[in-house]
Amino acid sequence: MKKLFVIILAVLVVASVFTWLRLPSQDHEHMVLSWSSDANPQRYEQLEVFDKWLKQHHPEIRPRPNGDPAFTVSLYAASNQSKLIQAVSGVAGDLIDGIPIAEYARMGLLVDVTDDARKRGFGMNSTYPGVVGLISTNGRQYGYPCNVNIVSLWINHTTFEQLDLPIPEGDWTPEEFEKLGKLFNEKVNRGQKVRTRFLCPPLGFNFVNIYARSLGADTFNETFTRSTLTDPRFAAGARLIYKWTYVDRILPSAAEVASNDVDTSGYGGAALAHFIHGNYAMIPTARYSLIRMRELPENERFEISNVKYPQYDFSNMLISARCTAVYAGSRHRDEAALFIEYLASKEYNDTIIYGADGLPPTPKYAIGNPDFLRPPGYSNEGDVHRNELTWALEIALPLSESPFFRGTGRDWPGYAFSKLMADRAEADEAFREAAGRINKSIDETVAGNARLRAMYEEAWERQKKIDAIKATWRYDEDDPYEVIDGEKIPPELIDNPYYLRYYKSIDMLEGDS
């Protein structure tokens, strides 16, 4: 087995070196930085804009004697797996896109851009509050978002109007979602043996996370030292999806999704195609889906709107971002840092605003901008842009990640959810197993790293103080999650941004944090 592992590793290293030799920077006499990203056609337009931006904003970087720019950036398509292999092997591109920045930074694979970012206007305060944790670790910045996404439930007004169904607006609860789903079924599936139309495609662990957060629970504790998936609020959210799928039949099962054929050509995949065709009345998606919907002939476009996931008192959304960082092994770090600066510029943000590829990474270019809020020629898009921007600025947080847990392994929360949906485990059992595996991994990681162990021990001492304070809390007899009174928690004890925001919302945080 050991020999097989060595052979596989050797093959991967050779493949990585071969890949590096084929990078754009190896094929030109002048300097060409490679940008490892996806092959979205908009990337090429963004590179053209970068060349113009560089000439205008950095005239000190003089062109070559023959008139060519001092350097250029060229796109190199790479998968997430190959990016990691190349980075660890020392042969990654100068700019790495779409990676978990905190994880890569902790492995020493990225350049710390904190000081440059503060001086040149692309610091952490220039983007969305919820994105900060996605581009930094331990207070140091290692990249910048290329675009930002808030997944919400998008509504096809034509489908709702054809069925004479009320269109959801504003905040709503899981009970209201269930009531609408049952009404939808009565309208379209009465007497049908094979169902082809559904209120919504399957909902996954993201809904469970939002559900639990709306009631005061997160996947990790306040200091990220332990997984808290054993909290009953996670099992309750997962059981609700199971009920909606197999009992109420509001959501399609995996078998029904697989058997429901539809033309999936074009950007966005099968779920978006079903939404466009009216087979799904609503769909979990974000602004990037407009790339596909704007390709429709004008007479086929339909009015759309979006609402938050159904949840309870603490309003929250999940934020994600496709981020780019400078590879620590790059021989052109200064030039690559200019590209990171470009991502925060008006010129780059305009490409995202007009191309609808998610939210622009620097929100100041979207706030109050009529071209973003109400794009000319797309009146059918309603307030979807304004809503996503508002949620991103005010209530959205990323999935929690612990610095003591290696997130590049198995998605244990998703694995637990899939076991429940496949009838391989009860919800409590599945999430108890997931929490146990995460906590075991934390213990092993901390034991093998002296620096992390010191960080963990300090965080664990703070966690014990937090737990002692929470032991003084009294709860409403009719609501086991509503805190009535008790000692308040000093904010400096807490690392998890979710709990800082949640405890402030219920007035259980000391001072004005």
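Colleague: Which residue of β8 stands opposite serine 152?

Modeller: Threonine 285 in β8 stands opposite serine 152. This is a predicted model, in which local features need pLDDT of at least 70 and side-chain atom pairs count only at pLDDT 80 or more, while totals for chains, interfaces and linings use all residues. Residues are numbered from 1 along each chain as its sequence is written, and side-chain values use heavy atoms, with hydrogens and water left out.

Colleague: In what order do the strands of the open sheet lie?

Modeller: In a regular strand the side chains alternate between the two faces of the sheet. Here three strands form an open sheet in the order β8-β7-β9, with antiparallel pairing; strands (E, at least two residues) and helices (H or I, at least four) are DSSP runs numbered from the N terminus, and two strands pair if DSSP finds at least two bridges between them. The edge strands β8 and β9 each pair on one side only, and the twist averages 30° from one strand to the next. Strand β7 (residues 152-156) pairs with β8 (residues 282-285) over four bridges, where isoleucine 155 stands opposite methionine 282. Four bridges also join β7 to β9 (residues 304-307), and leucine 153 has valine 307 as its bridge partner there.

Colleague: How many residues of β7 are buried, and which helix lies across β7 and β9?

Modeller: Five of the five residues of β7 are buried, where buried means under 20% relative accessible area, exposed over 50% and partly exposed in between, with a 1.4 Å probe and protein chains only. Helix α16 (residues 384-394) lies across β7 and β9, running at about 20° to β9.

Colleague: At what angle do α2 and α13 pack?

Modeller: Two packed helices are described by the angle between their axes and the distance between the axes. Helix α2 (residues 42-57) and helix α13 (residues 333-343) pack at about 105°, with their axes 11 Å apart; axes are lines fitted to C-alpha atoms, for helices over the stretch in contact, and angles run from 0 to 180 degrees between N-to-C directions. The two helices are therefore roughly perpendicular, a term that covers 65 to 115 degrees, whereas angles under 35 count as roughly parallel, over 145 as roughly antiparallel and the rest as oblique. The contact (heavy atoms within 4.5 Å) includes Phe50 and Trp53 of α2 and Phe339 and Tyr342 of α13.

Colleague: Which residues touch the most other members of the largest nonpolar core?

Modeller: A nonpolar core is a set of buried Ala, Val, Leu, Ile, Met, Phe, Trp, Tyr and Cys residues joined through side-chain atoms within 4.5 Å. Of the 56 residues in the largest one, Phe177, Leu199, Leu203 and Met282 touch the most other members, and α18 (427-447) gives the most to this core, with eight residues. Leucine 203 touches residues including Phe177, Trp244 and Phe417, not counting residues up to four places away in sequence.

Colleague: Why is α17 largely enclosed by the rest of the structure?

Modeller: Helix α17 is largely enclosed because seven of its 10 residues are buried. Among them are Trp412, Phe417 and Lys419, and the buried residues of α17 pack against α8, α9 and α18.
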